[in-house]
Structures are given as C-alpha cells and as structure tokens.
Amino acid sequence: MSQTMNQLAIIIAIATTVILVAAYFMIKTIVDQKVDIEVERKVADILSRNPPIYSARGKDMPDEKNKLYLSPDLNGIEELDPQTLMLIVVEPERATWGQTGNNLNPKIKINEYGIREIEVENYVNNGELSWSLVWIRKNYK
C-alpha cells in the first residue's frame with residue numbers, strides 16, 4: 001500500500017510539474033504577444049507622426065561662390081549633414097552647353113556659422129538653380 005501511495009505521489013508530482021511548466025510557457029507566450037503588439041502600435045504611432053526621412057526643395061540664385069544657402073526654417077534642417085543625405089538633385093534653370101547632363105556635382109556642407117549650404121561645382125552662373133534634398137531623420141520624439 002505504501003509503495004502504491006509513493007507511486008501515486010510521484011505521478012502527481014510529475015503531472016503537477018508538467019502542468020506548471022506548460023502554464024508558465026503559455027502565460028509567457030501570451031504576455032510576449034501582448035508586449036509585441038503594444039511595441040508595434042507605438043512604433044507605428046511614432047512613424048506616423050515622425051516620418052523616417054525629411055525632404056525639401058526650392059529654387060534660388062547661387063552666390064559668387066556657387067553656393068545656395070538653405071533656410072533654417074526648413075523642417076528637420078538641423079539633422080541634415082553629409083552623412084544623412086540620401087539624395088541631392090540640382091538642375092539649372094537655363095543650362096549652358098557645358099552643363100548638359102548632370103555634371104554639376106552638388107555637395108552639402110555646413111559652414112562656420114552652422115548654416116547648411118549646397119555647393120555646386122562646375123556651374124557657370126546663368127540663372128536660378130532648382131534643388132531637391134532627401135535626408136534621414138536621426139531623432140524621433
């Protein structure tokens with residue numbers, strides 16, 4: 001009789017352990033799923049309010065050094081630097097013979113006053129330049 005009771009106690013202990021371990025993993029899976037859903041919802045909310053890129057475009061006359069100075073009022077301009085720039089397109093209003101094609105070679109620079117500027121090499125000042133920029137957002141709120 002005592003051997004039967006011992007066997008019954010062992011079976012109950014094993015069954016209880018299996019049930020507790022299974023319950024632990026079920027609860028852990030449910031909690032992980034709820035956390036994942038909440039994280040995905042918050043990330044989607046942040047991205048909807050703060051897109052991952054900025055863009056700007058404009059038209060301006062370059063100065064005598066073939067530089068265009070970007071307004072500090074542009075959305076996200078403080079995050080624009082050469083490392084975050086994805087796309088830069090500069091086109092002359094009136095192209096000269098040597099400016100056909102895309103040989104202007106524009107570059108983004110930050111001058112000593114912290115102003116972002118587009119430096120356009122190989123440009124014969126012949127009117128306004130149209131420019132477009134796309135850069136990556138570094139800071140999210």
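**Overall form**

Keep in mind as you look around that this is a predicted model. The protein chain contains 1 helix and 6 strands.

Of the 141 residues, 24% count as buried. The accessible surface of the chain comes to about 10200 Å², and 60% of that belongs to carbon and sulfur atoms. As for contacts with a separation of 6 or more, 72% of them involve residues 24 or more positions apart.

**A nonpolar patch**

Now find helix α1, which covers residues 2–49 and includes V35. V35 is part of a nonpolar surface patch together with I27, V31, V39, V43 and L47. Together these residues have about 500 Å² of accessible area. V35 itself counts as partly exposed, because its relative accessibility is 43%, which falls between the 20% limit for buried and the 50% limit for exposed.

**Salt bridges**

The structure holds 6 salt bridges. The table shows some of them.

| Salt bridge | N to O distance |
|---|---|
| D32 and K28 | 3.2 Å |
| K107 and E121 | 3.0 Å |
| K109 and E119 | 2.7 Å |

How far apart are D32 and K28 in helix α1? They are 4 residues apart, so about one helical turn separates them. D32 is partly exposed at 35% relative accessibility, and K28 is partly exposed too, at 38%.

The side chains of K107 and E121 also meet in a salt bridge. This pair links distant parts of the chain, 14 residues apart: K107 sits in strand β4 (residues 106–110), while E121 is in the loop between β5 (116–120) and β6 (129–136). K107 is partly exposed, with a relative accessible area of 34%, and E121 is partly exposed at 28%.

Finally, look at the salt bridge between K109 and E119. K109 belongs to strand β4 and E119 to strand β5, so this pair ties together parts that are 10 residues apart in sequence.

Notes:
Residues numbered from 1 in each chain as written. Predicted model: local features only at pLDDT ≥ 70, side-chain atom pairs only at ≥ 80, totals over all residues. Heavy atoms only, no water. Patch = residues over 30% accessible without salt bridge, like charges linked within 9 Å, V, L, I, M, F, W, Y side chains within 5 Å. Areas by Shrake-Rupley, 256 points an atom, 1.4 Å probe, with all protein chains shown as cover. Salt bridge = Lys/Arg side-chain N within 4 Å of Asp/Glu carboxyl O. Helix = DSSP H or I, 4+ residues; strand = E, 2+ residues; numbered from the N terminus. Buried < 20%, exposed > 50% of the residue type's maximum accessible area, 1.4 Å probe, protein only. Contact = heavy atoms within 4.5 Å.
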